[in-house]
Structures are given as structure tokens and as C-alpha cells.
Amino acid sequence: KRWGIDFYHTYKEDIRLMAEMGHRCFRFSIAMSRVYPHLLDEKPNEKALAYYDDVIKTIRDYGMEPLVTIAHFDPPIEIVDRFGGWDNREMIDIYFKYAKTLIDRYHDQVTYWLPFNEINDAVLAPFKGAAVLNDAPEYENKCWNAAHNQFIAAAKTVKYAHDNYPSLQMGSMVAYVFSYAYSCDPKDVWANDEFDKMSNLVFLDVLAKGEYPFYAYEYFKKHNVTLNLKDEDVQILKDGTVDWVGYSYYQSIVTAYTTEGKSVVGGNLKGGVKNPNLVATPWGWQIDPLGLRILC
């Protein structure tokens, strides 16, 4: 058996190597499936927390700042089997219990927190991001309601941290699928703009500004998405805005009004029309370092 990575056993060596490279921050994720293997457990798994105690201590011993991601695509299978996915509002309180456990335990050791990794994966990669099965009825409706419940869970977590530990810096991030318009045809430009707004910007808008932007409601109406928006949700989002925004960047894509007659390539989460100005990896992702600069 060969392992691509075995951080659970090699974390001390891995962290040392990162410190030797000159990094000042070490981002890692804590697994809900370790801390609360059964979602309705009243008490966390102390063996798991003892492991993370030492991970954080090791990071700090090497002079780096830990950045903790609370949820990163590794939920217990009970999210699907018992609750049917993140579109079930019961997941908000389950997540909040887990997040409070971590913040209460590590608030004096960890300043920077991220409630959800790539929260837009609730729509771009729904099973991975929100435990929504791709054969579910009313699929898009379930995806957006799963995203909404994650927004509420994140906002409650941010407010709890701000109220109880004001020095903490609570953040947000998306998998930013950066796209160019295929041409200067207004239809291509419009299609690209709509893709950017509903795949990337709406998620950062809700988390950083505390409300859905007008274009999201226009999209929901056009696509028959019925958001399970409770009266109290409006205030929860306003009270739980983040301190910083981040994103991951893998490659750029090209968006056209129609892909008919055009060469299409793959990508992380989302592919697009082939960009003739870029080379690609062996698996088809286009290599675009300048795209990161433009995105920034």
C-alpha cells in the first residue's frame, strides 16, 4: 500500500518542512467526522481533539500562525443517511455545536478561522460541498437551500466568535472559477458576467455584506428556486459578516453564450471553451498564472 499523504502520522515532519520554507501561516482543516463521528453525540471525541491540540501546538512551536478550516468536505456519512444533506435545516445547529466546540477550545491559540472551505461548492460540486445527491429531485433547489443553510451556520459561528472572543478573525472563501468572455459579443459578455455572479460573487456577497444581492433574487425567480428563508435569517446574516475574504484559484476558463461548434476543455469543478492563448495540463486544466493577478 502506498500513501499520497499521511498527515495524521507525519504532521510533525510536514509542519517542520513548511516552517523551513519560510511560511508564516499554516492552514489546515479539522474533521467533523473525527470530532463528532455521530452527529447527535452530546460530547466530542476527546481522542480527536487531543490530536488537534498537538497539531496546533506544533504549528505555533515552529513560529507559524495556524489558520483553521472548520468544514472541508469530510462530513460524517450521517449527513446523507440521517438528514438527507445540508438542505435540511437541522444541519445548522449540528454544525454550530461542532464549531463552538472548536472555537471554545482553541480561541486562545488560533486567531484565524474559516467556517467552510470553498462554500460555493454547495452549487458547483453539491455532493462534495453539501452532501446533496446528484439524482435528488428538485436538484438545483436543494443545492441553493443547502448553500443558504451553510450561510446561516457560518454567520452564527462568526457572531458567536465575535461576541465571545473579539480578537478572532473570521473569514470566508470560495473556489473562484475565474472566467473570460469568449468574445466581445454582448451575449458572451453577459453570459460570463452571470456565471461570475452566481458561481463566485453571490457567496462572498452574502458572507461579507450580510445579505443576498439583487441579482441573486433575479436568478432564483428565473430558475424557479424557492429559498427557505426564515424571518430570523435576515438578521443572522447581517450580524455574522466576516472579517476577511479569500479564494482558491486553479485555472481560468472561457464562458460563451453557447458552446455549439466550440472546443470545450475541462477544469476543477467547471470547464469551459478552450482558450487558444493558454497551454493545459495533461488532464486538460488550462495554465494561467496571469489570471490570478487579474482576479486579485
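Begin by selecting R16 and E20, which sit four residues apart in helix 1 (residues 7–20) and are therefore separated by about one helical turn; helices here are DSSP runs of H or I with at least four residues, numbered from the N terminus. This is a predicted model, in which local features need pLDDT of at least 70 and side-chain atom pairs count only at pLDDT 80 or more, while totals for chains, interfaces and linings use all residues. Residues are numbered from 1 along each chain as its sequence is written, and side-chain values use heavy atoms, with hydrogens and water left out.

**Charged pairs**

With R16 and E20 still selected, look at their side chains, which form a salt bridge whose closest N and O atoms are 2.8 Å apart; the term stands for a side-chain nitrogen of Lys or Arg within 4 Å of a carboxyl oxygen of Asp or Glu. R16 is partly exposed at a relative accessible area of 28%, whereas E20 is exposed at 55%, where buried means under 20% relative accessible area, exposed over 50%, and partly exposed in between, with a 1.4 Å probe and protein chains only. Across the whole structure, a search finds 13 salt bridges.

Select R105 and E46 next, whose side chains meet in a salt bridge of 3.4 Å from N to O. R105 belongs to helix 5 (residues 90–106) and E46 to helix 3 (residues 46–61), so this pair ties together parts that are 59 residues apart in sequence. Both ends are partly exposed, R105 with 28% relative accessibility and E46 with 45%.

Then move to K142 and D87, a salt bridge in which the closest N and O atoms are 2.7 Å apart. K142 lies in helix 8 (residues 139–164) and D87 in the loop between helix 4 (78–81) and helix 5, so the pair ties together parts 55 residues apart in sequence. D87 counts as partly exposed, at 22% relative accessibility.

**The nonpolar core**

Which residues have the most contacts inside the largest nonpolar core? Select Y95, W113 and W144, which hold that place in a core of 78 residues; such a core is a set of buried Ala, Val, Leu, Ile, Met, Phe, Trp, Tyr and Cys residues joined through side-chain atoms within 4.5 Å. Helix 8 gives the largest share of this core, twelve residues. Centre the view on Y95, and among the residues that it touches, leaving aside those up to four places away in sequence, you will find M32, I70, W86 and F116, a contact being heavy atoms within 4.5 Å.

Now select helix 10 (residues 214–222), where the buried residues are Y215, A216, Y219 and F220. Seen down the axis of helix 10, these buried residues fall within an arc of 140°, and so they line one face of the helix; the arc is taken over the directions from the helix axis to the C-beta atoms. They pack against helix 8 and helix 9 (186–209), while on the other side of helix 10, F214, E218, K221 and K222 are exposed. Just after helix 10, N224 takes a positive phi of about 55°.

Finish with V234 in helix 11 (residues 231–239), which is partly exposed at a relative accessible area of 41%.

Conventions:
Helix = DSSP H or I, 4+ residues; strand = E, 2+ residues; numbered from the N terminus.
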